[in-house]
Amino acid sequence: MNKRITALPGDGIGPEIVAEAIKVLDRICKKYDHKFEYTYVDIGGCSIDKYGVPITDEGMEKCKNADSVLLGAVGGPKWDSCPASIRPEKALLAVRKELGLFANLRPTKLFPQLAGASPLKQEIVGNGIDLLIVRELTGGVYFGERKTEEVNGELVATDIMPYSESEIERIGRVGFETAMKRNRRLASVDKANVLDTSRLWRKVMHRLSEEYPEVEYSDILVDNTAMQLIKNPTQFDVLVTENMFGDILSDEASMLTGSIGMMPSASLSSGTLGMYEPIHGSAPDIAGKNLANPLGTILSAAMMLRYSFDMAKEADEIEAAVNKALDEGYRTGDIMGEGKKQVSCSEMGDIVANLIV
Ligand code: NAD
């Protein structure tokens, strides 16, 4: 199969980790006789330095015309004082908007080999945590009307949280479809005891659930979800929720693994085009030192194969190689433990690639 991938390495450790993910993708190509063609586009600070903007129009076109986009990370202290209109993160929001990326998938996986890195007790973590949060990304309170006005001599601020049935149905379907590809359990997170948007959310989700009888469906309130993620995280398979709840819960969940360098993510559109990136930033403190953990980016590339290219077998193979590298005791500095073998970013990429035979 031939696929066009636009690579956005970005700033800091971005180019180092994207290079390792591409090393692994190349190995998959060789084994399965696929052809992946890469187009590199500057994004973030490096683009500001060269062109005065965090992404150029031509760069954006190259993202839109690709089969998929692989991102490293953007930003760093050098660009902190840039005016708000051209800050590195502006490019990420622009790409999400232009590509219509309305669904954010964040798996939270605590590999059993790294159980010691979780802040939770061993008896809660069990044999590892493996859940996935599907977050609505382009609606809700972050995109609703907002204003601050003076009322009776004091300032009053208002943020509106709109959701339409079609927006809910679109993300709800991603939740069900994702659950179908995993363990067929879906919990829909809302605040239906208080919010009208949540009551509509629940109504649409119930309607959808009739189309997916194979999926074990449940509703859960957001405050209870926040507690359950700490108390009993292994009960969850897929969680689907609106933008702000998803923002907060996915950060909470990511901490359960204790290692930000391991965490991948996907942002999906209504077609097959998606953007795949690790959840961490550009880590300026370790940039250029070949110290970064490339596994979050490598696992993001696996998600790209699974969700954009429908290559489940190839994605499984990358995930198995990561698992095996950890089993064999290889660790980058951020996940280093006693008696393990410390490797650099590029060595970890080599190890994972070489495990794909
Ligand atoms: P960060 O995620 O870059 O780093 C936080 C800590 O985690 C650092 O100590 C870093 O060394 C470590 N770390 C992160 N990724 C790692 C990896 N792969 N391997 C090993 N260690 C890793 O967060 P920050 O320091 O708050 O932000 C740095 C810059 O990144 C800022 O400019 C911020 O705006 C930007 N940022 C970008 C994105 C993105 O591009 N999606 C996301 C978050 C932050």
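**Single positions**

I looked up K181 and found that K181 touches R306 and Y307, leaving aside residues up to four places away in sequence. I note that the model is predicted. K181 itself is placed in helix α6, which covers residues 165–181. I then took the C-alpha separation of K181 and A312: the two are 131 residues apart along the chain, and their C-alpha atoms are separated by 9.5 Å.

With residues up to four places away in sequence not counted, C46 touches G10, D11 and W79. I also checked C46 against R207; they are 161 residues apart in sequence and 47 Å apart in space, C-alpha to C-alpha.

**Helix pair**

Two packed helices are described by the angle between their axes and the distance between the axes. I applied this to helix α8 (residues 222–231) and helix α9 (residues 243–255), whose axes come within 10 Å and cross at roughly 10 degrees. Angles under 35 degrees count as roughly parallel, and α8 and α9 are therefore roughly parallel to each other.

I listed the residues that meet: V222, T225, A226, L229 and I230 belong to α8, and F245, L249, E252 and A253 to α9. By class, I recorded 7 nonpolar, 1 polar and 1 charged residues in this contact of α8 with α9.

**Ligand site**

Which residues are the closest to the ligand? I found V74, G281, A283, D285 and N293 as the closest, within a set of 20 residues that surround the ligand. The shell divides into 9 nonpolar, 7 polar and 4 charged residues.

A polar backbone atom of N293 is 2.8 Å from a ligand nitrogen atom. For H280, an N or O atom in the side chain lies 3.1 Å from a nitrogen atom of the ligand. For E277, the corresponding distance from a side-chain N or O atom to a ligand nitrogen is 3.5 Å. Last, I noted the cover: on its own the ligand has 810 Å² of accessible area, and the protein covers 67% of this.

Conventions
Residues are numbered from 1 along each chain as its sequence is written. This is a predicted model: local features need pLDDT of at least 70, side-chain atom pairs count only at pLDDT 80 or more; totals for chains, interfaces and linings use all residues. Side-chain values use heavy atoms; hydrogens and water are left out. A residue is near a molecule or strand if one of its heavy atoms lies within 4 Å of it. A polar contact is a pair of N or O atoms within 3.5 Å; within protein, one must be able to donate a hydrogen and the other to accept it, and residues adjacent in sequence count only if both atoms are side-chain atoms. Accessible areas come from the Shrake-Rupley method with a 1.4 Å probe; for residues, only the protein chains shown count as cover. Ala, Val, Leu, Ile, Met, Phe, Trp, Tyr, Cys and Pro count as nonpolar, Asp, Glu, Lys and Arg as charged, and the others, Gly among them, as polar. Axes are lines fitted to C-alpha atoms, for helices over the stretch in contact, and angles run from 0 to 180 degrees between N-to-C directions. Helices (H or I, at least four residues) and strands (E, at least two) are DSSP runs, numbered from the N terminus. Angles under 35 degrees count as roughly parallel, over 145 as roughly antiparallel, 65 to 115 as roughly perpendicular and the rest as oblique. Contact means heavy atoms within 4.5 Å.
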